[in-house]
Amino acid sequence: DRVALLSENRIEWAVADLAIQLSGGVTVPIYPTLIPSQVEYILRDADVRIVFISTKAQAAKIEAMRARLPLLERVIAFDEDAASDGVDSCENVMRRGRALGGEPRAEHMAAQMAPTDWASVIYTSGTTGEPKGVILTHKNFMTNVRMCLDAFDIGTSDVYLSVLPLSHVFE
């Protein structure tokens, strides 16, 4: 299933992305600055069933289009104050998950994925019409990571500065 992330850069974005992928889902990142019609187009075109949102402003954006998105089953908010009737809070989702008992093991879940499984569907800027969904596999991402590790000496003492949105594929 495709799961969208409509949020600014924040730790919850990265955690949700990892959780989506470890559960076998496909992340559909959406720039939080897109206008509602563009967000609606991506959610519909990608057949998104769940969307994580960050704030009340993003919740309002989704609420205005939700009736026109029959496949959208759940909206989950990172900010507690963005939760409402029809928008669950991330904290509530995590609490229900813990109540199910047992701890999923990331290594076991990751071992179930094939390198050619979809990891993400990234939408182009749409400079020639509507945005196009580009499928990226786990192998695509891992190849980028390996190439970066070969090109740069990256260590635990390094400090990083994020200058692009996390929705910008390989930020």
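1. At 31% relative accessibility, Glu8 counts as partly exposed, where buried means under 20% relative accessible area, exposed over 50%, and partly exposed in between (1.4 Å probe, protein chains only). The residue sits in the loop between strand 1 and helix 1. Helices (H or I, at least four residues) and strands (E, at least two) are DSSP runs, numbered from the N terminus. Leaving aside neighbours within four places in sequence, Glu8 is in contact with Trp13, Pro32, Ser54, Thr55 and Gln58; contact means heavy atoms within 4.5 Å. Glu8 and Thr128 are 120 residues apart in sequence, and their C-alpha atoms are 26 Å apart in space.

2. On provenance: this is a predicted model, in which local features need pLDDT of at least 70 and side-chain atom pairs count only at pLDDT 80 or more, while totals for chains, interfaces and linings use all residues. Residues are numbered from 1 along each chain as its sequence is written, and side-chain values use heavy atoms, with hydrogens and water left out.

3. Asn9 belongs to the loop between strand 1 and helix 1 (11-22). With 36% relative accessibility, Asn9 counts as partly exposed. Its contacts, apart from neighbours within four places in sequence, are Ser162, Leu164, Pro165 and Leu166. The C-alpha atoms of Asn9 and Gly155 are separated by 23 Å, and the two residues are 146 apart along the chain.

4. Ser54 lies in the loop between strand 3 (48-53) and helix 3. Its relative accessibility is 0%, so Ser54 counts as buried. Not counting residues up to four places away in sequence, Ser54 touches Leu6, Ser7, Glu8, Arg10, Phe78, Asp79 and Ala82.

5. Strand 1 (residues 2-6) and strand 2 run parallel and are joined by five bridges; two strands pair if DSSP finds at least two bridges between them. Leu6 has Ile30 as its bridge partner in strand 2. Strand 2 (residues 26-30) is mostly covered, with five of its five residues buried. In a regular strand the side chains alternate between the two faces of the sheet. For strand 2, Val26, Val28 and Ile30 are on one side and Thr27 and Pro29 on the other, and all are buried, which leaves both faces covered.

6. Two packed helices are described by the angle between their axes and the distance between the axes. For helix 2 (residues 36-45) and helix 3 (residues 56-65), the axes come within 10 Å and cross at roughly 65°. Axes here are lines fitted to C-alpha atoms, for helices over the stretch in contact, and angles run from 0 to 180 degrees between N-to-C directions. Helix 2 and helix 3 are therefore roughly perpendicular to each other. The classes are: under 35 degrees roughly parallel, over 145 roughly antiparallel, 65 to 115 roughly perpendicular, and the rest oblique.

7. The crossing of helix 2 and helix 3 is right-handed; a crossing is right-handed if the near helix is turned clockwise from the far one by less than a right angle, and left-handed if anticlockwise. In the contact, Pro36, Val39, Glu40 and Leu43 of helix 2 meet Lys61, Ile62 and Met65 of helix 3. The residues of this contact divide into five nonpolar, no polar and two charged. Ala, Val, Leu, Ile, Met, Phe, Trp, Tyr, Cys and Pro count as nonpolar, Asp, Glu, Lys and Arg as charged, and the others, Gly among them, as polar.

8. Asp47 deserves a look at the backbone. Most residues other than glycine have a negative phi. Asp47 has a positive phi of about 55° although it is not a glycine. Asp47 is in the loop between helix 2 and strand 3 and is partly exposed, with a relative accessible area of 35%.

9. Leu71 lies in the loop between helix 3 and strand 4 (74-77). At 45% relative accessibility, Leu71 counts as partly exposed. Not counting residues up to four places away in sequence, Leu71 touches Asp47, Val48 and Arg49. Leu71 and Pro32 are 39 residues apart along the chain, with 21 Å between their C-alpha atoms.

10. Strand 6 (residues 118-123) is largely enclosed by the rest of the structure, because five of its six residues are buried. Strand 6 pairs with strand 7 (residues 133-137) in the antiparallel sense over five bridges. Within strand 7, Leu136 stands opposite Ser120.
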